[in-house]
Amino acid sequence: MATRDWLGLKQDLPPRRNAVLTILSFVLPFALWAVVSYTPWIWHPLVRITDSGESEWMTEDMDVQRADFAKEVEKTKAAGVAPPQGYRVNPVYLPAPHNVAKAFVTAFKTPPRLPGEPWLHESLGHSIRTIVWGFLLSSLIGVPLGILCGTYRFFSKLQEPFVEFFRYLPAPAFGALCVAVLGIDDAPKVAIIVIGTFFQQVLVIGNTVRKVDPALIEAAQTLGARGWNLVRRVVIPAAITDIYTDMRILLGWAWTYLIVAEVVGTMSGITYFINQQARYRNFDNVYAAIFMIGIIGLSSDILLAAFGRVLFPWKRRLARGKSLIEWMREPGSAWRKEPPNPRAMAALAKA
Amino acid sequence: MLALPDYREQSPEVAARFSKINERPVLLSVRELEKAFGTNGSRHVVFDHVSVDIRRREFVTIIGPSGCGKSTFIRIAAGLDEATSGEMLLDGKPITGPSPDRGMVFQGYTLFPWRTVKENVMFGLEMRGKDSGTADAEARQWLDMVGLSRVENSYPHELSGGMKQRVAIARALANEPRILIMDEPFGALDALTRCKMQSYLLQIWKKVNVTILFITHDLDEAVYLSDRILVLGVNPGGVREIIENPVPRPRSVDQFLSPEFLAVKHRLDELIHAPSAEQEEDKIPVIKLTEVGDEVE
């Protein structure tokens, strides 16, 4: 196989190669992690003591720096007493993949340590609720305003300069203010997500709507459409698929604001869970929780992409290369069984 | 070079047809139309003193080199652009903006991608407040006429260029416009499809009570389709000539090599490709290549 076929400049790859590369994109980082975790002579900067020997300060199950361990071995040998024994390990903050994989199950089963603390699924539910509320509230105003800005110069000039300024103000900076105004419960968290999402949303959607082909609007005008009908029947439908894609990207950004939002006021949701587990030094649970955010994000995006196909039948592909399921469903993809051509079947039957 | 007849010579039938057309009322009247860009300092006049009367059920083509403002001219007619001075009257009333009584077909199809073929045709009907049942039935009739009933539920991206343009024509005609304005409608099509579409358009025009104002830069297309051909020029911009096409109707592709067809085409060629003063000046400098092995001429 020539490299040229794999590295063609801006050339589409055959579906099978796309599949291979997509799988590799996940496999490679995990393989790297596995190599560091399971090969004792790669990294592993610590030694776990199995037998303290005659060492004065080492105890069993203690992790010590390799240099300190070597020094101690020499010291005990020089003194003619039993040296300590141990094997090389990685720091506790880098658990091996199988431990994290186990944590995916055990984290849900482990009851909280303190009474009144949420279970993992409750923490996750809390986070998702916060995101959904924040994103909905932001969209409720942001989407119509974005459409107005994209359609009418009047709104664009009236809103966008200020919005442009405001979006540079980091949402977390409003944390203290939100707590002062909205209390310590969920309201300030939702507010942070709204602040983080809203201003980007207005600008991004405004831009998308501005990109609507003016020829479509002119065509509609010559067909008798004017005023509000022009917006409702032409501008919005023409932009809606791109707005939908924008919304999916914005939802991804909202997730990044979640972690900030959850430390505002009383810490809550998945951030609280991660913090507690880190405090207990259950790093396998910490990784599992972080990965869960990724999995929820990616799968919600895939679901939304699939839903987009149902909503917008005139768009065969919503956003090229946006997510897994899209190229999986593309015609000719290795994942998709093409239905037999009915005309060809009829011809065959006749013959 | 063939000896061609004078392009102004008309057979008795053609002459009779033109005198009949000239008895019809004026539909679109263009008076001293001027379009210019910029202010007095650096004013660029695209065209000025354009006057023409287009009569009912006439097929008028505007032709000219690029930059002559033919697109601007019909954008003004469609109400999408404004003239600097002069006026255009439709049925005696000045044109002030886009309206469904002037249907428009664009080169870029401009079908609504989110609507099916039938829904595209229904668009204008809905805008005029027809209920969906009536709009649906009328849209079907128009699709029938352009021969696209079988794809009525397809989306535009599933159609070929020629089919898309037929939908666009049906969509414009569904509004029953007084005049159908077509801006290089077949410019993006391949030569074969284009030829078919031209014959198609003539058939539709015969069946539908509409006047057509057509833009092209294709000489054959202009001669094949039109009653009158308005030739625009550049530097200075404006009307070079309005030709009464002597090719008799009904038209067919066999006429492409008839003497009168070639005579008109030859005249158009003279008018459009006549070297203007400016073009003479900036001739492309030819770099002499030292080793051109095989001469081509």
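Student: In this predicted model, what describes the packing of helix α5 and helix α8 of chain A?

Tutor: Helix α5 (residues 120-151) and helix α8 (residues 186-210) of chain A pack at an angle of about 30°, and their axes are 7 Å apart.

Student: Why are α5(A) and α8(A) called roughly parallel?

Tutor: Angles under 35 degrees count as roughly parallel. The angle here is about 30°, and α5(A) and α8(A) are therefore roughly parallel to each other. The crossing of α5(A) past α8(A) is right-handed. The residues of this contact comprise 16 nonpolar, 13 polar and three charged.

Student: What makes residues of helix α9 of chain A buried, and which are they?

Tutor: A residue is buried if 20 or more other C-beta atoms lie within 10 Å of its own. In α9 (residues 214-222) of chain A, A:Glu218, A:Ala219, A:Ala220, A:Gln221 and A:Thr222 are buried. Their cover includes α10 (228-262) of chain A, as well as α2 (70-78) and β6 (102-105) of chain B. After α9(A) comes A:Gly224, with a positive phi near 100°.

Student: How do you know that the radius of gyration of chain B agrees with a compact globule?

Tutor: For 297 residues, a compact globule would have a radius of gyration near 19 Å; chain B has 21 Å, which agrees. The C-alpha trace of chain B spans about 70 × 50 × 45 Å along its principal axes. Of the 297 residues in chain B, 40% are buried.

Student: What is the secondary structure content of chain B, and how far apart in sequence are its contacts?

Tutor: Chain B contains nine helices and ten strands. Among its contacts between residues at least 6 apart in sequence, 70% join residues at least 24 apart.

Methods. Residues are numbered from 1 along each chain as its sequence is written. Chains are lettered from A and ligands numbered from 1 in the order in which they are written. This is a predicted model: local features need pLDDT of at least 70, side-chain atom pairs count only at pLDDT 80 or more; totals for chains, interfaces and linings use all residues. Axes are lines fitted to C-alpha atoms, for helices over the stretch in contact, and angles run from 0 to 180 degrees between N-to-C directions. Helices (H or I, at least four residues) and strands (E, at least two) are DSSP runs, numbered from the N terminus. Angles under 35 degrees count as roughly parallel, over 145 as roughly antiparallel, 65 to 115 as roughly perpendicular and the rest as oblique. A crossing is left-handed if the near helix is turned anticlockwise from the far one by less than a right angle, and right-handed if clockwise. Ala, Val, Leu, Ile, Met, Phe, Trp, Tyr, Cys and Pro count as nonpolar, Asp, Glu, Lys and Arg as charged, and the others, Gly among them, as polar. The radius of gyration is taken over C-alpha atoms; the globule rule is 2.2 Å times the number of residues to the power 0.38. A residue is buried if 20 or more other C-beta atoms lie within 10 Å of its own, exposed if 12 or fewer, and partly exposed in between; C-beta atoms are placed from the backbone. Two residues are in contact if their C-beta atoms, placed from the backbone, lie within 7 Å.
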